[in-house]
Amino acid sequence: MTDLNLRRNTGRDLAPLAGLLADPDDLALVNPSARHPFDPEEWHQKWLQDLDDESFYLVDGAGREVGFFALRVGVGPEVRHLTYVFVAEEMRGGTGHLMARWIEDAARDLGALTITLKCELDNPAALRVYEAAGFEELSRRGGMATMRKDLD
């Protein structure tokens, strides 16, 4: 596997995410409510508008962005809610476990004590990654599993 690194999106730059989500099916997978084609302004105004939202890019050895996730403030500042997770197709198959560790590290760096997320039930690969990373399933509703992990 190519060397991978995590880069915090300090400039709130969504151009790389637009490239990752150019395919309408990928965009619908990450955010079914977002318009196609990807509109950075819409994302800044609707989906990642809170100043406390933090996002991150997974970057390969050549410097290309090949993944993305965001950590939004949850029910309080000590809770971060994972959302908008995406890994480019060519990077799938093992990258999820690495991403799960980086998600935890990023949440800790932001002062979180807990991470929550929702995962589609028809995405068994993602469910397995989260379960292997220690996330506990709290409930199932509307085709989604709500999961939580308390950080050490």
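Two strands count as paired if DSSP finds at least two bridges between them. That rule sets up the first part of this report, which describes a predicted model.

## The paired strands

Strand 3 and strand 4 pair in the antiparallel sense, with six bridges between them. In this pair, alanine 70 stands opposite threonine 83 of strand 4. The two strands form a hairpin, and five residues lie between them.

Strand 3 also has a partner in strand 2. Strand 2 covers residues 54-60 and strand 3 covers residues 65-73. They run antiparallel and are joined by six bridges. Here leucine 58 stands opposite glycine 67 in strand 3. Strand 2 and strand 3 form a hairpin too, with four residues between them. In that turn, glycine 63 has a positive phi of about 90°.

## The whole protein

Now step back. The protein has five helices and seven strands. Along the sequence, their order is β-α-α-α-β-β-β-α-β-α-β-β.

How does the radius of gyration of the protein agree with that of a compact globule? A compact globule of 152 residues would have a radius of gyration near 15 Å, and the protein has 15 Å, so the two agree. The C-alpha trace spans about 35 × 35 × 30 Å along its principal axes.

Buried residues make up 44% of the 152 residues. The protein exposes about 8,100 Å², and carbon and sulfur atoms supply 48% of that area. Take the contacts between residues at least 6 apart in sequence: 54% of them join residues at least 24 apart.

## Two buried asparagines

Asparagine 9 is found in the loop between strand 1 (4-8) and helix 1 (15-20). Asparagine 31 lies in the loop between helix 2 (24-30) and helix 3 (40-47). Are these asparagines buried or exposed? Buried means under 20% relative accessible area. Asparagine 9 has 4% relative accessibility, so it counts as buried. Asparagine 31 has 5%, so it counts as buried as well.

Which backbone atoms do their side chains reach? The side chain of asparagine 9 reaches the backbone nitrogen of aspartate 13 at 2.9 Å. The side chain of asparagine 31 reaches the backbone nitrogen of serine 33 at 3.0 Å.

Leaving aside neighbours within four places in sequence, asparagine 9 is in contact with Leu14, Ser55, Phe56 and Tyr57. With residues up to four places away not counted, asparagine 31 touches Trp43, Trp47 and Tyr84.

## Backbone angles to look for

Tyrosine 84 comes up again here. It lies in strand 4, residues 79-87. Arginine 12 is partly exposed, with a relative accessible area of 27%.

| Residue | Phi |
|---|---|
| Glycine 63 | about 90° |
| Glycine 111 | about 90° |

One peptide bond also deserves a look. Histidine 36 and proline 37 are joined by a cis peptide bond, with omega about 0°. Proline 37 lies in the loop between helix 2 and helix 3.

## From alanine 88 to helix 4

Alanine 88 sits in the loop between strand 4 and helix 4. At 7% relative accessibility, it counts as buried. Its contacts, leaving aside neighbours within four places in sequence, are Leu20 and Val66. Alanine 88 and leucine 58 are 30 residues apart in sequence. In space they are 9.6 Å apart, C-alpha to C-alpha.

Helix 4 runs over residues 95-109 and has 15 residues. From its first C-alpha to its last it reaches 21 Å, close to the 21 Å expected at 1.5 Å a residue. Just after the helix comes glycine 111, with its positive phi.

Which residues of helix 4 are buried? They are Thr95, Leu98, Met99, Ala100, Trp102, Ile103, Glu104, Ala106 and Ala107. An α-helix has 3.6 residues a turn, so residues three or four places apart point the same way. Look for that spacing among the buried residues, such as Leu98 and Trp102.

Conventions:
Residues numbered from 1 in each chain as written. Predicted model: local features only at pLDDT ≥ 70, side-chain atom pairs only at ≥ 80, totals over all residues. Heavy atoms only, no water. Buried < 20%, exposed > 50% of the residue type's maximum accessible area, 1.4 Å probe, protein only. Polar contact = N/O pair within 3.5 Å; in protein donor to acceptor, adjacent residues only side chain to side chain. Contact = heavy atoms within 4.5 Å. Expected span 1.5 Å × (residues − 1). Rg over C-alpha atoms; globule rule 2.2 N^0.38 Å. Areas by Shrake-Rupley, 256 points an atom, 1.4 Å probe, with all protein chains shown as cover.
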